[in-house]
Amino acid sequence: MIGEASSSSHSCFSGSNALSHVYIQYPPLRCHVPGSRSLFYDDGNKLILSLTSNQVFSWKTAPYDPNVAPSSDPIREGPVLSIRYSLDLKLLGIQRSSHEIQIWNKESGDTFSQKCRPESESILGFFWTDSPTCDIVFVKTSGLELYSYNNESRNLHLVQTKKLSISWYIYTHESRLVVLASGMQCKTLTGYQLSSAGIIRLPKFEIVMAKPQANNNPSLAAEDVHIITAYGRIYCLQFDRVAMLLHCYRFYRDAVVQQGSLPVYSNRIDVSVVDNVLLVHQVEAKVVIIYDLFADSLSPISAPLPLFLRGFSRANIASTQTASKASGTSESDLSDTEVTIYGDQWDFLVPDLVCDISNGYLWKINLDLEAISASSSEVQLILEFLQRRKLEAEKAKQLCLAITRTIILERRPVPVVAMIMDVLLTAYSHAIKTGSYYKRIRAEETSQSGASNVNKPKPAVNDSTTGIDASGKFIKQGSESGTENESYTRSNVPTSDPDGSLILNSSLPDPSIGSERGYLLEPGTSGGEDLPAGPSQILGSGNNQSNSNVSERHQNQVTSSPATSPADLYSSVFAQVEEEMARDGSYLVAIIVEFLRSASLEKLKVHPSTYVLMVQILARDERYAQLGTFIMNKIIEPSKEVALQLLESGRQNLQIRKLGLDMLRQLLLHHDYVLLLVQDGFYLEALRYARKNKVNTVRPSLFLEAAYASKDPQHLAAVLRFFSDFIPGFSSSSDHHMYRRIAAEMAS
Amino acid sequence: MGVASEKDASEAMKLCVFDLRRGQTEGQELDKILFFYPADLPLSTQLSVIGLSEGLVTFTRIFSPEAPCEVIEAERHSHVFYEAEPDIWMVMVVEKESEAIWRVDALRRVLKEVHTLFVMFHGSARALVDRDPSGGLVRTHLYYFIMDFLSAFEKRSPLEYCCWDFSIGTKLQLPNFRDSLKERGTLQMLTVGREAAIEVQSLVAVLESCAGDTLCYSLTMFQDLLVSTNLSPIDTVNLFTYAVLRLTPLALSHGASSWSHSRKADTACNTSTGALLLNSGPAAEQYYNSSDASPLLRHNYPLVRPLQHSKWSKGKDGFLTTDIWGRDVNSLVPTCPTIWLRQTEEKMYILAYQHRGLTVILLIPVSSVSGEQGIAMLKQQILENASLKMLKVEERLSRGWGGENAYHVSGYRYLLVDGDRYISRASPPGKVTTLTKVSNFYFS
């Protein structure tokens, strides 16, 4: 897929392993502390928590940085069933038993407990929410209890209860959705979404499972159900162990619709979502299958391939060892322990992390876009896929351009290339309309000026968002942060469906934009400031681009959209392939025409250099008739650049030169027009034109020189007379004296 | 069409083609004549016309060797000269009528048009003469070609000037000042918007890509107007002229409606072959009694009459077909028409596809296609890849088209000629006849 012509732009890509499409990058984040008892993942804050007997250590996982230093808080001794920070990180909730949850206020140091009646119910778990009505939700066997935290009295007030007999539950903060299982076989699922827009109850639905035998009714287990979010939509995946299928349900506001089933090749599976792409880990088979749920298509992007550990070598280990020693962290090294891919102790965290509990390693799962694009021959599909990527937008963009280049160099049929142009330019126009394309420019601007950029011309849709972005800082918790999320999501999820689907457009953060970052980067926690710059950090900083106003880091290479502008296509595709296509100008022209067609469909402006290139090619191939048609029909839009190129190319062909002159005149570039007429020796016509259009910027001496060169004393005298009559003060200029003398000499 | 009217026409105009390199010895003068219209004129009259013309040419050459005489104005006749090929002259003699003022330049253009079209289909007359020194080949071709060119359509109503045949009603209608708001040898263009133009170019690219790596040309028309082409200007004019005469939807529908009449015209032509016999030597006897081309075929003269009326029709697949070029011996599939390009001197197949108002003509080098089979494959490819696009283009063009009176400027009759690019635009013919105001604007 990647041709030799694209080598220049490929230097930035690290070597990819063609035998895998998904990789984890060495080194991992080491979340092991001596004496730690257990690891927890706080998905609300994207923290990995490690507990010792009297301390809790937390590592930020977003933006992912393997070298991030942990922060710690003291906790009281005692059993811990689960532990989660509040979304503003001021409170720490610890479930001590099935009857008691302790809440510790970090600022004041107060602790209080919330207990339940042990005889009738038990606590299954809890989580913090950003819903306007409540702050924390307890999931009990008897139902949900929604509490709000009172800052003054420093305790919880019960706001609401939802009575329901619950066997188990799953919750992801990403979706703000809690799914409750009830019934004998736990097959009846109920969902509540607790977002900043309020609480939505989803319709109850039944999971249908295949039976192993006639009389055996298996019950549904919590680990077989996964909530995932992709493109702002929420799906529920249910693993049917008997049928060996992964059923896919999509949540709408008022319905749950089964979307189909994915085949499963392993008795143990897990799922991740990386950049809106669904990865189904076939743990026993040690392969991963990739799906892009965007178009509701359930066919995999590519063949099942293993997960690859990238950057793991002896040399690497040595360097990181010294590095880790230098930074003072003393942790067990990978050199001693083998990295087992899909080990038994692997725990997949929402959305794209995997934790090796036995070693205390946290890996982030990445997509190898290069390998994916190289493995598919369906150019259109792969480009659409790449255009939807946001995490590695710059890389996706470069890949798109490289693919386009290769396709053209391979001389694929024009309709194929036309399709590619359509895909790329539609995506670009979409990115512009939704504003995601301007994110990059804005990030650059803010990092340079640091000032607000409200005055910059931007699509109207996006200005309000910009205002919040640039000036709003990170608003405090509660409903206000909800509005911020809202604006983020609106402008950044081009995929939001208008069909009333449950995309939570009010609160659901797009994982790639990650409004949770707002919480993470809350001033006070040791934040992203220590994020080192380096190739391995591109992902992290890319993830963080919209926060450039908060942390003024250099983010010039950062983009949130892989959209390729017409200018990109010119500079990275047409201009680059032009030399190699020298013998096949008509093909390239056909391609550019297709490009223009796509651009005009999307009402995009095309850079004049593209037109200049067309003129060059057509003139070089001496296809003057066609060039004439292109100019007359304004397929090549008039511009000064084009006009000058026409004049240049028209040296061999008078017709073309005339087209260039006409274009100059039509563009009202009187100065250039007059200048050219003089240069061509038509100085009298130039004078007439100059007089008519009030051009007085051309030096009289040029006309005089031209008249002199014609060796006609009468003409010279006429020109002299013209300037004396129409230019005040000309009679006293040196030109006047000199040429008057010359005219006299010529006449004599 | 009666004999009397035929006579009328013959009195009004004479048209001859002769070769100065032939018949230069005493008694062989007849050999010079390659074509004479009207053919039934006594030989002595024919010879006197040609003798006078030759004399004038030779005489004026003394003063202007490069460009001998163009026109001679006599008291009752105008003689219009055109040297089509070196030493091959075409002369038109028109009677000066009281009311008709001939545009001599337009008459010369008629001669030029006949010749360029002839060359497009048959190659140069000189080459034909060289191939058959007896002159039979070139005479046959010229005879049928020019007769077809001039042949009459009885049913042509005055409103349908736009078809460029000369015989209107019963009389040869030659261009004069009064009614000819058109410039022969120019193109009439359709004005299209940018988006439509891009669509058209995109279609053209797809069509050309169907032919693979071979360089091919295309000409796209909407109704009787040119939309786009990548042919050289001179070939464009020729092919455009032919397309307007025989290929566009309008031309096809005329062909269909006047089918029976054109049959009559054919027989009329044949009745007058007699004259040809007398001066064309022994070969002429072979086709003296011919009512069709078969005897000529026997003599290795594959007679092609591309200007024959109502021979083109639209096939089910959208491609225009004709059996003018004969049929394959083994099948009933008509042979694909071919033409010669002036610019590159290449022989090209013509493939014309029509969808409603849109006519797309594709020219493919004969050398690059493997016979009829290759053509059939190419057609298949075009249908697969481009038919949808043609549908779209047609729709877009017809949406943007203002009808045949689109370029009418109310209150004026105009003719606008861009001599650099061989383009002209004129008041729509329907309007011209209804306007009484004589406000002609001539720009050339």
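## A tour of chains B and A

Start in chain B with B:Lys14, whose bridge partner in S5(B) is B:Val93. Keep in mind that this model is predicted.

**Stop 1: the strand pair.** Select residues 13–19 of chain B, strand S1. Strands of a sheet pair through backbone hydrogen bonds.

**Stop 2: the helices on the sheet.** Select residues 136–150 of chain B, helix H5. H5 packs on the sheet and touches S1 and S2 of chain B. The direction of H5 makes about 25° with that of S2(B). Now select residues 104–122 of chain B, helix H3. H3 lies across S1, S3, S4 and S5 of chain B. It runs at about 35° to S4(B), the strand at 77–85.

**Stop 3: the whole sheet.** Show all the strands together. This is an open sheet of five strands in chain B, with antiparallel pairing. Read across it in the order S2-S1-S5-S4-S3. The edge strands are S2 (33–37) and S3 (71–73) of chain B, and each pairs on one side only. From one strand to the next, the twist averages 10°.

**Stop 4: a helix pair in chain B.** Select residues 194–210, helix H6, and residues 371–400, helix H13, both of chain B. They pack at an angle of about 175°, with axes 9 Å apart. H6(B) is therefore roughly antiparallel to H13(B). Show side chains at the contact. From H6(B), look for residues including B:Val200, B:Leu203 and B:Leu207. From H13(B), those in the contact include B:Ile382, B:Met390 and B:Val393. By class, the contact has twelve nonpolar, three polar and five charged residues.

**Stop 5: a helix pair in chain A.** Move to chain A and select residues 566–580, helix H12, with residues 585–601, helix H13. The angle is about 175° and the axes lie 12 Å apart. H12(A) and H13(A) are therefore roughly antiparallel to each other. H12(A) brings A:Pro566, A:Leu569, A:Phe574, A:Val577 and A:Glu578 to the contact. H13(A) brings A:Leu588, A:Ile591, A:Ile592 and A:Phe595. Eight of these residues are nonpolar, none is polar and one is charged.

**Last stop: all of chain A.** Zoom out. Chain A has 22 helices and 29 strands. Of its 748 residues, 57% count as buried. Among chain A contacts between residues at least 6 apart in sequence, 55% join residues at least 24 apart.

Note on methods: Residues numbered from 1 in each chain as written. Chains lettered and ligands numbered in written order. Predicted model: local features only at pLDDT ≥ 70, side-chain atom pairs only at ≥ 80, totals over all residues. Heavy atoms only, no water. Axes fitted to C-alpha atoms, helices over the stretch in contact; angles between N-to-C directions. Helix = DSSP H or I, 4+ residues; strand = E, 2+ residues; numbered from the N terminus. Parallel < 35°, antiparallel > 145°, perpendicular 65-115°, else oblique. Contact = heavy atoms within 4.5 Å. Nonpolar A, V, L, I, M, F, W, Y, C, P; charged D, E, K, R; others polar. Pairing = 2+ DSSP bridges. Buried < 20%, exposed > 50% of the residue type's maximum accessible area, 1.4 Å probe, protein only.
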